[in-house]
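Subject: Structure for you to look at

Hello,

Here is the structure I promised to pass on. Please open it first, then read my notes below.

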Amino acid sequence: MKVQDRTTTRGRRAIAWLASMACVLALTPGTATADNPIVQHIYTADPAPMVHDGRVYLYTGHDEDGSTYFTMREWRVFSSADMVNWTDHGSPMSLATFAWADANAWAGQVIARNGKFYWYVPVRQRSNGQMVIGVAVADSPTGPFRDALGRPLVGNNEIDPHAFIDDDGQAYLYWGNPGLWYVRLNPDMISFSGSATRIPLTTAGFGTRTGNASRPTLYEEGPWVFKRNGLYYNVFAAECCSEFLAYSTATGPTGPWTYRGTIMPRQGASFTNHAGVIDFQGGSYFFYHNGALPGGGGYTRSVAVEKFTYNSNGTFPTITMTTTGAPQIGTLNPYVRQEAETIAWGAGIETEASSEGGMNVGWIENGDYIKVKGVAFGAGATAFSARVASATSGGRIEVRLDSATGPTVGTCTVGGTGGWQTWTTTTCAVSGATGTHDLYLRFAGGSGNLFNINWWQFSGTAGSANLLTNGDVENGTTGWGVHGSGTLARNTTVAHGGGGSLSITGRTGAWNGPGQDVTARLTNGKSYTTNVWVRAQSGTPSAKATLSLTAGGTTSYLQLTPAVGVTVNGWTLLTGTTTVSWSGTLSNATFYVETAQGTDSFLVDDASFQ
Ligand code: FUB
């Protein structure tokens, strides 16, 4: 546990506060919707996103405050299920992880294989001062990561590793500046076959740089290699300095490469840029970094993201940096425990390791706040609880909607608890929180640090919030039944959240699935939002949530979410908002999850219908 030194953080706090103000001022007055950069409480650089189990894990470097060089000592991890609210998982890997390294925790990347997570990073080798590539391994995407080899994996004084596993199972590690290299990784991901091979940097492959005879092509550093629709892409930082982001394509993983042009032109107050590209929940996302936070620049960078669509011929569109970032996927459920460090925008706060596990938000002073985007209160919240600690005399949490000065729907008092990691739960009444809003937890009190917050959760009037009983499946199969035929069971091996999920096997029709009778809880003419996570146990079925309504002797079927393809590899969110209405007397309403075709078994978790 980190011991809080509450005298050394004001500079960084000022940066975060100024950042929030700068972005607010840059937007139309009253529309404080900035969500880029993704993290405001520290400087982050060199994004490496990875999709795993229905979440995006974002691995970054950490530029130290006030740096005048790439002064980087640790890496950081954040994750999100909705692309706007990001959970800070702290730093599960630093230079200390590699006993043989002494500096330069630069641009790395994480890839999953065989239930493990491999993080490839460039670091400076203490013995010879050369940049080499180390590899660490973990059992979880958030670590802890340990040095897999006790020595570098490969090294030639070049940087920026990126691993890619082809469809045939062959893995490759690419890296390089000024060259571009690859090795074929063995299935263990921590050794390789053959020797490092130099990829020819031809102008046909990587574009033409003028005025630099020793570097005739645009390729500079930061290769990000992936395959899409049979085509191999290599996105890289081009033509230092300043850099822009460009790409080449090839018909195979080792080339020959053909230069395809610019993706993100030079912009953003940092002379480097660095790309990470993923597909997630049916959308494509482009991560990069810039110097957008106050105090930001070439050595104090921040990671941001844009959603984009490939052109119909597979080429990239031009992508421009924005302060709005990607749109939210679905909504956030306030009726389950949410970590305080799950943040769309934080003003004045910082995070640290919590004695209760994970991270907590700290260094809170009067006027600081946390914005959590797109919170679905449904029919109404009645209370707010927060896990808090204070070595001073505490303060207040103002629960506000839509902006930091928006309507206050509740105020919780926090008293002194005797320590910054001495936790208690405070609860206060809430009134007027209905529908979907951005939630602002604004902190108020006297001077100095007020309190820490570890997590929060709302509760609602029985039946007026989530209409589903045991939607998070933490209470066995309670509340759930089978719509049609099949066998319901709780799966404690694979869960989207918590300790278990709901398994349906033995289905005999596509319309069969786990369901709940919600007849007594429905309001005629009301709009309901559905969020439910689904994972296939076999096949690649398209899953959807449906409401069957029997009223006046007639049964109709309302599609609550579009059908979305799900796989056995991870969790997929089904989400949608639908107005529910009927004529005559409602005799039955059943919420259920089904598939468009087939009888594949699947899992359901964290379901809400509110
Ligand atoms: O963060 C240090 C270096 O800056 C990275 O390794 C490069 O890709 C550039 O972003």
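The protein chain carries 37 positive and 42 negative side chains. The centres of these two sets lie 1 Å apart. Keep in mind that this is a predicted model.

Next, the overall build. The secondary structure comes to two helices and 45 strands. Along its principal axes, the C-alpha trace spans about 80 × 60 × 45 Å. The radius of gyration is 25 Å, which agrees with the value near 25 Å that a compact globule of 610 residues would have.

How much of the chain is buried? Of the 610 residues, 59% count as buried. The accessible surface comes to about 21600 Å². Carbon and sulfur atoms hold 50% of that surface.

Now the contacts. Take those in the protein chain with a separation of 6 or more: 63% of them join residues 24 or more positions apart.

The domain assignment gives three entries. Domain 1 covers 36-308, domain 2 covers 338-460 and domain 3 covers 481-609. The centres of domain 2 and domain 3, taken over C-alpha atoms, are separated by 33 Å.

Look in the loop between β14 (181-185) and β15 (192-198). Is Asn186 buried or exposed? Its relative accessible area is 19%, and buried means under 20%, so Asn186 is buried. Beyond its neighbours within four places in sequence, Asn186 is in contact with Arg113, Ser191, Phe192 and Ser193. His162 sits 24 residues from Asn186 along the chain, and their C-alpha atoms are 15 Å apart.

Best wishes

Technical notes
Residues are numbered from 1 along each chain as its sequence is written. This is a predicted model: local features need pLDDT of at least 70, side-chain atom pairs count only at pLDDT 80 or more; totals for chains, interfaces and linings use all residues. Side-chain values use heavy atoms; hydrogens and water are left out. Helices (H or I, at least four residues) and strands (E, at least two) are DSSP runs, numbered from the N terminus. The radius of gyration is taken over C-alpha atoms; the globule rule is 2.2 Å times the number of residues to the power 0.38. Buried means under 20% relative accessible area, exposed over 50%, partly exposed in between (1.4 Å probe, protein chains only). Contact means heavy atoms within 4.5 Å. Accessible areas come from the Shrake-Rupley method with a 1.4 Å probe; for residues, only the protein chains shown count as cover. Lys and Arg count as positive and Asp and Glu as negative; His and the chain ends are not counted. The place of a charge is taken as NZ of Lys, CZ of Arg, CG of Asp or CD of Glu. Domain bounds come from an automatic or database domain assignment.
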